[in-house]
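Please look over the sequence and the structure below before reading on.

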Amino acid sequence: MMIEKVFTQFPLLHSSSLLLKKIETSHVEELFAIYDNTKVFEFCGIIPKHNYQTVQKMIEHFERDFKKKSRIKWGIFEASQSEKLVGIIEAMDFNQKVNMVTIGYYLAEDFWGKGIATKAVEMVVNYLLEEVQVNRIQAEVMPLNGPSKKVLLKNGFIKEGLLRQATLWSGKGVVDLEIYGLLKEDYVDYVNHSKD
(Lines give C-alpha, C1' and ligand atoms only; values in the text may rest on other atoms or scores of the structure.)
Protein backbone atom coordinates (compact mmCIF):
# COMPACT_ATOMS: atom_id res chain seq x y z
CA MET A 1 0.00 0.00 0.00
CA MET A 2 1.36 3.36 -1.03
CA ILE A 3 -0.40 5.36 1.67
CA GLU A 4 1.54 8.53 0.87
CA LYS A 5 -0.34 8.59 -2.46
CA VAL A 6 -3.51 9.31 -0.50
CA PHE A 7 -2.27 11.65 2.20
CA THR A 8 0.51 13.75 0.66
CA GLN A 9 -1.79 15.84 -1.49
CA PHE A 10 -5.58 15.50 -1.50
CA PRO A 11 -6.36 13.24 -4.49
CA LEU A 12 -8.81 14.60 -7.03
CA LEU A 13 -10.78 11.90 -8.87
CA HIS A 14 -13.02 12.63 -11.83
CA SER A 15 -15.19 10.97 -14.43
CA SER A 16 -17.45 12.45 -17.09
CA SER A 17 -20.30 12.75 -14.56
CA LEU A 18 -18.67 13.09 -11.12
CA LEU A 19 -15.87 14.90 -9.36
CA LEU A 20 -14.53 13.57 -6.04
CA LYS A 21 -12.68 16.32 -4.22
CA LYS A 22 -12.03 17.96 -0.87
CA ILE A 23 -14.96 19.48 1.00
CA GLU A 24 -14.29 23.15 1.76
CA THR A 25 -16.04 25.67 4.02
CA SER A 26 -17.75 27.07 0.92
CA HIS A 27 -19.74 23.79 0.72
CA VAL A 28 -21.22 24.06 4.22
CA GLU A 29 -24.80 24.76 3.03
CA GLU A 30 -24.91 21.61 0.90
CA LEU A 31 -23.14 19.60 3.61
CA PHE A 32 -25.68 20.77 6.20
CA ALA A 33 -28.55 19.73 3.90
CA ILE A 34 -27.08 16.18 3.83
CA TYR A 35 -26.41 15.89 7.59
CA ASP A 36 -29.72 17.51 8.58
CA ASN A 37 -31.74 14.74 6.89
CA THR A 38 -32.44 11.83 9.26
CA LYS A 39 -33.36 9.52 6.34
CA VAL A 40 -29.82 9.76 4.92
CA PHE A 41 -28.40 8.10 8.04
CA GLU A 42 -31.14 5.54 8.70
CA PHE A 43 -28.70 2.69 7.99
CA CYS A 44 -25.43 4.39 8.97
CA GLY A 45 -23.53 4.53 12.21
CA ILE A 46 -23.73 8.32 12.00
CA ILE A 47 -26.00 10.61 13.96
CA PRO A 48 -27.66 13.35 11.85
CA LYS A 49 -26.56 16.89 12.70
CA HIS A 50 -29.26 19.55 12.96
CA ASN A 51 -26.97 22.38 14.06
CA TYR A 52 -25.34 24.49 11.35
CA GLN A 53 -22.29 25.37 13.47
CA THR A 54 -21.68 21.69 14.26
CA VAL A 55 -21.59 20.89 10.54
CA GLN A 56 -19.24 23.84 9.95
CA LYS A 57 -16.83 22.41 12.56
CA MET A 58 -17.00 18.98 10.90
CA ILE A 59 -15.14 20.35 7.87
CA GLU A 60 -12.20 21.06 10.20
CA HIS A 61 -12.49 17.48 11.52
CA PHE A 62 -12.32 16.13 7.95
CA GLU A 63 -9.07 18.08 7.51
CA ARG A 64 -7.68 16.88 10.85
CA ASP A 65 -8.39 13.22 9.99
CA PHE A 66 -6.66 13.71 6.63
CA LYS A 67 -3.58 15.25 8.29
CA LYS A 68 -3.52 12.35 10.79
CA LYS A 69 -3.61 9.94 7.81
CA SER A 70 -6.52 8.08 9.39
CA ARG A 71 -9.40 8.88 7.01
CA ILE A 72 -10.10 10.68 3.76
CA LYS A 73 -13.54 12.07 2.96
CA TRP A 74 -14.19 13.03 -0.64
CA GLY A 75 -17.12 15.23 -1.47
CA ILE A 76 -19.11 13.72 -4.34
CA PHE A 77 -19.83 16.57 -6.75
CA GLU A 78 -21.74 16.61 -10.00
CA ALA A 79 -19.24 17.33 -12.77
CA SER A 80 -21.29 20.24 -14.08
CA GLN A 81 -20.75 23.99 -13.98
CA SER A 82 -22.53 24.25 -10.62
CA GLU A 83 -20.41 21.45 -9.08
CA LYS A 84 -23.08 20.68 -6.50
CA LEU A 85 -22.09 18.56 -3.47
CA VAL A 86 -24.41 15.54 -3.57
CA GLY A 87 -22.75 13.14 -1.12
CA ILE A 88 -19.66 11.87 0.64
CA ILE A 89 -17.48 8.83 0.10
CA GLU A 90 -14.70 7.95 2.51
CA ALA A 91 -11.82 5.58 2.98
CA MET A 92 -10.70 4.76 6.53
CA ASP A 93 -8.98 2.17 8.72
CA PHE A 94 -5.93 1.96 6.48
CA ASN A 95 -4.43 -1.34 7.68
CA GLN A 96 -0.97 -1.46 6.15
CA LYS A 97 -0.09 -4.83 7.70
CA VAL A 98 -2.73 -6.65 5.66
CA ASN A 99 -2.97 -3.98 2.95
CA MET A 100 -6.66 -3.31 3.53
CA VAL A 101 -8.98 -0.30 3.72
CA THR A 102 -12.67 0.22 4.58
CA ILE A 103 -14.99 2.46 2.58
CA GLY A 104 -18.33 4.11 3.35
CA TYR A 105 -20.63 6.49 1.45
CA TYR A 106 -23.89 8.40 1.67
CA LEU A 107 -25.83 10.69 -0.63
CA ALA A 108 -28.26 13.57 -0.28
CA GLU A 109 -31.79 12.12 -0.54
CA ASP A 110 -32.59 13.99 -3.77
CA PHE A 111 -29.81 12.06 -5.52
CA TRP A 112 -30.76 8.52 -4.51
CA GLY A 113 -31.41 5.96 -7.24
CA LYS A 114 -29.47 7.75 -9.98
CA GLY A 115 -26.37 5.53 -10.04
CA ILE A 116 -24.22 8.20 -8.34
CA ALA A 117 -23.08 6.04 -5.40
CA THR A 118 -22.28 3.15 -7.78
CA LYS A 119 -20.11 5.45 -9.92
CA ALA A 120 -18.40 7.07 -6.89
CA VAL A 121 -17.55 3.63 -5.44
CA GLU A 122 -16.19 2.54 -8.82
CA MET A 123 -13.94 5.61 -8.93
CA VAL A 124 -12.60 5.13 -5.40
CA VAL A 125 -12.11 1.36 -5.85
CA ASN A 126 -10.20 1.96 -9.06
CA TYR A 127 -8.01 4.59 -7.37
CA LEU A 128 -7.30 2.48 -4.26
CA LEU A 129 -6.49 -0.72 -6.14
CA GLU A 130 -4.66 0.75 -9.12
CA GLU A 131 -2.81 3.74 -7.69
CA VAL A 132 -2.56 3.14 -3.94
CA GLN A 133 -1.91 -0.59 -4.48
CA VAL A 134 -4.39 -1.73 -1.80
CA ASN A 135 -5.12 -5.48 -1.90
CA ARG A 136 -8.46 -5.57 -0.06
CA ILE A 137 -11.34 -3.09 0.22
CA GLN A 138 -14.22 -3.83 2.53
CA ALA A 139 -17.53 -2.23 3.49
CA GLU A 140 -19.86 -2.88 6.42
CA VAL A 141 -23.58 -2.65 5.67
CA MET A 142 -26.65 -2.96 7.87
CA PRO A 143 -28.72 -5.98 6.66
CA LEU A 144 -31.76 -3.82 5.80
CA ASN A 145 -29.77 -1.44 3.61
CA GLY A 146 -30.65 -2.97 0.23
CA PRO A 147 -29.58 -0.02 -1.96
CA SER A 148 -26.09 0.06 -0.44
CA LYS A 149 -25.63 -3.68 -0.98
CA LYS A 150 -26.59 -3.27 -4.65
CA VAL A 151 -23.95 -0.53 -5.06
CA LEU A 152 -21.26 -2.90 -3.75
CA LEU A 153 -22.39 -5.92 -5.76
CA LYS A 154 -22.45 -3.82 -8.95
CA ASN A 155 -18.81 -2.99 -8.25
CA GLY A 156 -17.72 -6.62 -7.91
CA PHE A 157 -17.78 -6.89 -4.09
CA ILE A 158 -18.65 -10.25 -2.56
CA LYS A 159 -20.84 -10.68 0.50
CA GLU A 160 -18.54 -12.49 2.91
CA GLY A 161 -20.79 -12.93 5.90
CA LEU A 162 -22.84 -11.53 8.75
CA LEU A 163 -21.34 -10.25 11.98
CA ARG A 164 -24.12 -10.77 14.51
CA GLN A 165 -24.52 -8.11 17.21
CA ALA A 166 -20.86 -7.28 16.68
CA THR A 167 -20.65 -3.50 16.48
CA LEU A 168 -21.83 -0.50 18.43
CA TRP A 169 -23.03 2.13 15.97
CA SER A 170 -23.80 5.68 17.06
CA GLY A 171 -27.52 6.16 17.50
CA LYS A 172 -28.26 2.51 16.68
CA GLY A 173 -26.87 0.56 19.61
CA VAL A 174 -25.42 -2.88 18.99
CA VAL A 175 -26.10 -3.95 15.40
CA ASP A 176 -25.61 -6.82 12.97
CA LEU A 177 -23.44 -5.93 9.99
CA GLU A 178 -22.92 -7.66 6.68
CA ILE A 179 -19.34 -7.59 5.41
CA TYR A 180 -18.63 -7.07 1.72
CA GLY A 181 -15.10 -7.47 0.41
CA LEU A 182 -13.23 -6.92 -2.82
CA LEU A 183 -9.72 -8.28 -3.40
CA LYS A 184 -7.42 -7.01 -6.12
CA GLU A 185 -7.66 -10.44 -7.81
CA ASP A 186 -11.50 -10.26 -7.75
CA TYR A 187 -11.33 -6.80 -9.27
CA VAL A 188 -9.07 -7.89 -12.13
CA ASP A 189 -11.49 -10.76 -12.91
CA TYR A 190 -14.49 -8.44 -12.60
CA VAL A 191 -13.01 -5.79 -14.94
CA ASN A 192 -12.00 -8.47 -17.49
CA HIS A 193 -15.50 -10.01 -17.45
CA SER A 194 -17.25 -6.67 -17.79
CA LYS A 195 -15.24 -6.02 -20.96
CA ASP A 196 -16.40 -9.33 -22.51
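Which residues lie nearest the centre of the largest pocket? They are Cys44, Gly104, Tyr105, Tyr106 and Asn145, out of 44 residues that line the pocket. This is a predicted model, in which local features need pLDDT of at least 70 and side-chain atom pairs count only at pLDDT 80 or more, while totals for chains, interfaces and linings use all residues. Residues are numbered from 1 along each chain as its sequence is written, and side-chain values use heavy atoms, with hydrogens and water left out.

A pocket here is an open set of points on a 1 Å grid over the protein atoms alone where a 1.4 Å probe fits, with protein on both sides within 12 Å along at least five of seven lines; lining residues have an atom within 4 Å of a point. The largest pocket holds about 1,200 Å³ of space, the volume being that filled by probe spheres set on the points, which are joined across faces, edges and corners.

Several helices (DSSP runs of H or I, at least four residues) and strands (E, at least two), numbered from the N terminus, contribute to the lining. At least two lining residues come from each of α3 (52-67), β3 (71-78), β4 (85-95), β5 (100-107), α4 (116-131), β6 (136-141) and α5 (146-154). By residue class, the lining has 22 nonpolar, nine polar and 13 charged residues. Nonpolar covers Ala, Val, Leu, Ile, Met, Phe, Trp, Tyr, Cys and Pro, charged covers Asp, Glu, Lys and Arg, and polar covers the others, Gly among them.

Lys114 sits in the loop between β5 and α4. Lys114 counts as exposed because its relative accessibility is 55%, and exposed means over 50% relative accessible area (1.4 Å probe, protein chains only). Ser16, in the loop between β1 (13-14) and β2 (18-21), is also exposed, at 76%.

Notes
Buried means under 20% relative accessible area, exposed over 50%, partly exposed in between (1.4 Å probe, protein chains only).
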